[in-house]
Amino acid sequence: MQYEIYEAKVKKVSAFLVKLYSHIALIVTILALLVAAATAAVAAKGSIVSESEFKAEIEYGSQLEFAAEAIFGDASYEYRAKGTEEWSDVAPTYPGEYEIRAYAMTSFGTRRYGDVHTFTITPRELTLRVSEESIQYGDLPSVSGNTINGDTVSACSVIFDKLEANATAVTARADKATLVILDKDGKDVTSCYVVADTPDASV
C-alpha cells in the first residue's frame, strides 16, 4: 500500500517535470527578453529623443523657447558663448551669439547630450523721450525710455533747438550719445539697447 502511494507521488512529480521540460525553451526565451528589456532601459535612460524648433534670434529680455525630451528622465540645458569651450547651466541674458544643448542623466550618473544649436540675443529697441511737458527756469528735463526688467535711464543729456534767454517754449530731444542705462543691480546695460527713436518734445 505504501509502495503504491509512493509510486503515485513519483508519477506526479515525473509528469510535472515532463511538462516543465517541454516549456523550458519558452521560459528561457521569456527570461532572456526580460533581461534584454531591462538592459535596454538602463542603457537608453537619459537619451535625448526630441528637440523642439525654436526662434534662433531673440531680443534682450525675451525668453528662449527651446525644449527637449529624454527617455526615463527630465531634460536640462547648458549654454556657452559661441567660440568658447566652457558650458554653463546659467542661461545668458546679454546680447551676443550663444550655443545651447540639452542633456539628461544616465543610469550611471553621467550626462548624455543632444545636438548643439546656435541662437543670438540682439539689443532691444529703445525709444527715448523727454519726460516733462514743462519745467521751471533753471531746471533741466529728464529722459525716460521703454526699458524692461527694472533697467532705468541713469543719465542722458537733452538737446535744445533754438534756445534763447527769453524763450517760454523750446523743442528738446534726448541726446542718445550721452545715454547710460543701469539694471536694478547698478550694472551698465546700455549696450543691451539700441536707440530707435528720439522724438522731439516741447517744454
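Partly exposed residues are those between the buried limit of under 20% relative accessible area and the exposed limit of over 50%. K82, with a relative accessible area of 43%, is therefore partly exposed. The legends below describe close-up views of a predicted model.

**Figure 1. Overview of the predicted protein model.** The protein contains 2 helices and 14 strands. Of its 203 residues, 24% are buried. Among contacts with a separation of 6 or more, 52% are between residues 24 or more positions apart. The protein exposes about 13,800 Å², and carbon and sulfur atoms supply 55% of this area.

Figure 2. A102 belongs to strand β5, which spans residues 96-105. Its relative accessibility is 0%, so A102 counts as buried. The C-alpha atom of A102 is separated by 5.2 Å from that of G114, a residue 12 positions away along the chain. When neighbours within four places in sequence are set aside, the contacts of A102 include I48, E51, F66 and A68. S76 and Y77 are also among the contacts of A102, as are R112, Y113, G114 and D115.

**Figure 3. Aromatic pairing between Y103 and Y113.** The structure has 5 aromatic pairs. In one of them, the ring centres of Y103 and Y113 are 6.1 Å apart and the planes meet at 55 degrees, so the pair is tilted. Y103 lies in strand β5 and Y113 in strand β6 (residues 111-122), so this pair ties together parts that are 10 residues apart in sequence. Y103 has a relative accessible area of 8% and is buried, whereas Y113 is partly exposed at 36% relative accessibility. Elsewhere, ring pairs join F54, F66 and Y77 into a cluster.

**Figure 4. Arginine side chains over aromatic rings.** The charged end of R111 is placed over the ring of Y103, at 4.0 Å from its centre. R101 lies over the face of W87, 4.1 Å from the ring centre.

**Figure 5. Salt bridges of R111.** The whole structure holds 6 salt bridges. One of these joins the side chains of R111 and E78, with an N to O distance of 2.3 Å. This pair links distant parts of the chain: R111 is in strand β6 and E78 is in strand β4 (residues 76-81), 33 residues apart. R111 is partly exposed, at a relative accessible area of 34%, while E78 counts as buried at 5% relative accessibility. The side chain of R111 also meets that of D89 in a salt bridge, at 3.6 Å from N to O. D89 lies in the loop between β4 and β5 and R111 in strand β6, so the pair ties together parts that are 22 residues apart in sequence. D89 is partly exposed, with a relative accessible area of 45%. Through shared partners, salt bridges connect E78, D89, R101 and R111 in one network.

**Figure 6. The salt bridge between E97 and K82.** The closest N and O atoms of E97 and K82 are 3.6 Å apart in this salt bridge. The two residues link distant parts of the chain, as E97 is in strand β5 and K82 is in the loop between β4 and β5, 15 residues apart. E97 counts as partly exposed at 40% relative accessibility, and K82 is partly exposed at a relative accessible area of 43%.

**Figure 7. A nonpolar surface patch including I27.** I24, I27, V28 and L31 make a nonpolar surface patch of about 320 Å². I27 is found in helix α2, which covers residues 24-44. With a relative accessible area of 34%, I27 is partly exposed.

Notes. Residues numbered from 1 in each chain as written. Predicted model: local features only at pLDDT ≥ 70, side-chain atom pairs only at ≥ 80, totals over all residues. Heavy atoms only, no water. Helix = DSSP H or I, 4+ residues; strand = E, 2+ residues; numbered from the N terminus. Buried < 20%, exposed > 50% of the residue type's maximum accessible area, 1.4 Å probe, protein only. Contact = heavy atoms within 4.5 Å. Phe/Tyr/Trp six-rings, centres within 6.5 Å; stacked < 30°, edge-to-face > 60°. Lys NZ or Arg CZ within 6 Å of the ring centre and 35° of its normal. Patch = residues over 30% accessible without salt bridge, like charges linked within 9 Å, V, L, I, M, F, W, Y side chains within 5 Å. Areas by Shrake-Rupley, 256 points an atom, 1.4 Å probe, with all protein chains shown as cover. Salt bridge = Lys/Arg side-chain N within 4 Å of Asp/Glu carboxyl O.
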